[in-house]
Structures are given as structure tokens and as C-alpha cells.
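Colleague: I am new to this structure. Could you take me through it?

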Amino acid sequence: MTDRIRSAEVIVSSPGRNFVTLKILTEDGIVGWGDATVNGRELAVASYLRDHVAPLLIGRDPARIEDCWQLLYRGVYWRRGPITMAAIGSVDLALWDIRGKTLGQPVYNLLGGAVRDEILSYTHATGWSIEELKDSVDEVLSRGFRAVRAQSGVPGLETVYGVHRGETSYEPASRGASPIEEVWDSRAYLRHAPRVLSAIREHVGEEIELLHDAHHRLRPIEAAQLGKDLEPVKLFWLEDVTTAENQEALRLVREHTATPLALGEVFNTIWDCKDLITGQSIDFIRSSVMHAGGISHSRRINDLAALWQVQVAPHGPSDVSPITMAASLHLDLATPNLGIQEHMGYPSVTSEVFHSTYTLADGMLHPGDAPGLGVEVDEAAAARFPYSRAYLPVARRRDGTVTDW
Ligand code: KDG
Ligand code: MG
């Protein structure tokens, strides 16, 4: 007999940072887990799920994953946007989890099976000074990673997003009633970043892959200058070098530099990246599997990218939960045009709530062979970590104008 969805519940918890988790339970007693975390906007997506999505799911066949996606996307008239698409993505992840558990298969086997044995990953190194950054890079390499994102401070600035003084990792959002405000100076950054990355290249030699994230801060011509200045460093990629609302901007950058470009961690549908991919303005597409509507929609992005020799490199920060990380790994394993997977890592307390079976050894990831996605959630533990408000920072130029960061 056809199984049916009995309930859909939303759990907001904060084991180390805030996460929004969706639990779908079927009449046959199968539980599927989804992640709907949107950093700094957790309660908005929780409400969208509880008030508008969960009631639509009850009584549906959980095996009809694509139909459910179409219903939640096309059926509501309002299109796209981070809150809507994260909510749809979480339902999609939970339904793939249920499908795998019903069939006794890891999700990657339902996506055509593995096309590789393991998944190349990178993680973050940060240091305020070049010397501190070298130490942080060494620490990452000592864990076996062969690809590392390197971020440093900027002389004359007090703080820089993504870099904490004296720490080797950072948490993107900070707790509090309102966002922290930082001062940003693109000219100072443009003078300093090539010095930093050249020093790191010299330090690690030519075989280690170096990545750098500009967090959308630069104007197109500044982005082009940076790409050009960094050419001798031979980066694996330069990420989010300018904002992507105006996608013509990326063509300008592209015309001036052969440094590979990665973009798209804030994208949530194929429509956000279609022109960048078909125009070959980027080399890596970075949307997170959950923020881009789940496995069902992300695999369409991946296939479009394959036609244009763009590689897939999913966003994997600490602000998507281990459920999204696992879903990403299942899709990565079955995606021929995968470039690399980001694995920022989690505070150790996160594993008290999310019990994952995916593995990371010597910088290589594997989703594991447990049926479904391979992540279970301890609800009693989640209740011990209540939500507490947290925001990404805001950046202002020296004259006080709010700017991109
Ligand atoms: O929520 C924002 C973070 O996920 C983002 O700033 C991290 O840029 C990031 C990255 O590349 O992981
Ligand atoms: Mg980024």
C-alpha cells in the first residue's frame, strides 16, 4: 500500500549556531530529515514552513518527490527567493531521505550511483597577519587537506568578515539583538590581498590548491584588477568577486582575467545562474543544495553547468546543517562535473544534535552507505539548545555608506 505523510514538524535549535530542521514522518513510521537554515533569517523560514508548507504535505505520497517540488514551487504563484527555496529544499531533502530509507539505499544510489570514489574538499584558513595565516594554512594541511581557502586581515581595518584575530575558524553570524557593523575599504584590500596570497603561494608551494573569497565586495573593474593581480598566484578560484545581480558585470571581469571565477552561494534557482553558465562567465557554480531547492532542483543546475563545462562546487559553510552537507555529498558523488566541495566544519557541540555518518579523511569526503541521507537528529538534545538571535554583519565604507560585503 502507498505510504503517506503523517506529519511535518519544524525544529529550531542552536547547538553551536542556529539551525532550522524539518522532520517529516510517514504513516509507515519512516522519518525524513530536511534542513531549512537561512543564516540570520531562521524564524522567517521556520514560519514559512510551519504556516504554509507543512499543512500541504499531510496525506501525500512521500515517493512523489518531483510532484511535491512542482506543487510547492509552481503551485504558489510567488517564485524563487531564499526563504521559499530553502523551505522547498528542506522538504525535498526529507523526501529523498525517506525514499532512501524505504528502499534501503543511500541516496546517491538513487541518483545514478557513484561516479567517483570520494569527494575532494577544501576548508578555511584565516589569520589576521600573513604569519598567522601561514600558521592556519599549515594547520589545515596537517589535517590532510590539499585545498585551502585563505583569508587575512587588511591593514587599517579593525575587523574583516571571515577573519577572526587569533583564531583558526570563524562563525559567520554573531549573537545579539542586531548585526555588528564593520568598516570596509576596498582600496586597502586591493593593495593588500595580492601580497598576502603571493606569500601563501610561496609558503605552500605549487601543488596545494589555494582559494580566496572576496564576499561580493568589489565593483566590477576592481574585481577585474584583483583577478589580474592574482594571476601569478594560480588560484583554484577567486570567489564572489563582485555581486551577481547585474550579471553583465561578470563578463567584464572575465574579459580582463584568466583567474578562475566561482560564484553563486546566494543563488536559489537555476534562473539565477542560467546566463552566467551559458555565457561561460564563471567556472564554478556555488549554490548550496538546500538553498537551491534541494537535490531535485540542484541536479538540474548541475546538468546545465555540465553542458557549458562549468564545474559544480557546492557551498558548505557551518550555517547549513549536517543534513544539507550530507545531501550535498550524495549529489556530489553522482555528479560527473563536480569540481570541489566546501567543508567549513561545525562546532563540536553540533554533533550532539546531528548524528552524521558521512566521513572526512585527508580532505576527502564520502556520504557513507546508510540508507537515506545518513543523518539522524536527536530531538531531546536539540531541545537543550534553544534558538538565540544571531545576524551576519553589516559593512559600511569609511564615510558611513552601507556597502556590499
Ligand atoms: O551565511 C554566510 C556564510 O555562509 C558565508 O559567508 C560563507 O562565504 C562563505 C563561504 O564561502 O563559505
Ligand atoms: Mg563564500
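Colleague: What spacing do the donors of the magnesium ion (ligand 2) follow along the chain?

Modeller: This is a predicted model, in which local features need pLDDT of at least 70, side-chain atom pairs count only at pLDDT 80 or more, and totals for chains, interfaces and linings use all residues. Residues are numbered from 1 along each chain as its sequence is written, chains are lettered from A and ligands numbered from 1 in the order in which they are written, and side-chain values use heavy atoms, with hydrogens and water left out. Donors are N, O and S atoms within 2.8 Å of the metal (3.2 Å for Na, K and Ca), and sites may look incomplete without water. Asp213 (OD), Glu239 (OE) and Glu265 (OE) coordinate the ion at 2.0 to 2.1 Å, and the spacing is D-x25-E-x25-E.

Colleague: How many residues apart are aspartate 213 and glutamate 265?

Modeller: Both residues are buried (under 20% relative accessible area with a 1.4 Å probe, protein chains only; exposed is over 50%, partly exposed in between). Aspartate 213 lies in strand β8 (residues 209–213), and glutamate 265 in the loop between β10 (261–263) and α9 (270–278). Helices (H or I, at least four residues) and strands (E, at least two) are DSSP runs, numbered from the N terminus. The pair links distant parts of the chain, 52 residues apart.

Colleague: Which residues touch the most other members of the largest nonpolar core?

Modeller: A nonpolar core is a set of buried Ala, Val, Leu, Ile, Met, Phe, Trp, Tyr and Cys residues joined through side-chain atoms within 4.5 Å. The largest one has 116 residues, and the members touching the most others are Ile24, Val91 and Ile295.

Colleague: In what order do the 3 strands of the open sheet lie?

Modeller: Two strands pair if DSSP finds at least two bridges between them. The edge strands, each pairing on one side only, are β1 (5–13) and β3 (31–35). Strand β2 (residues 19–26) pairs with β3 over 5 bridges in the antiparallel sense. The order is β1-β2-β3.

Colleague: How many disulfides does the count come to?

Modeller: A disulfide is a pair of cysteine sulfur atoms within 2.5 Å. Cysteine 68 is buried at 4% relative accessibility, and cysteine 273 is buried at 0%. The count by this rule is 0 disulfides.
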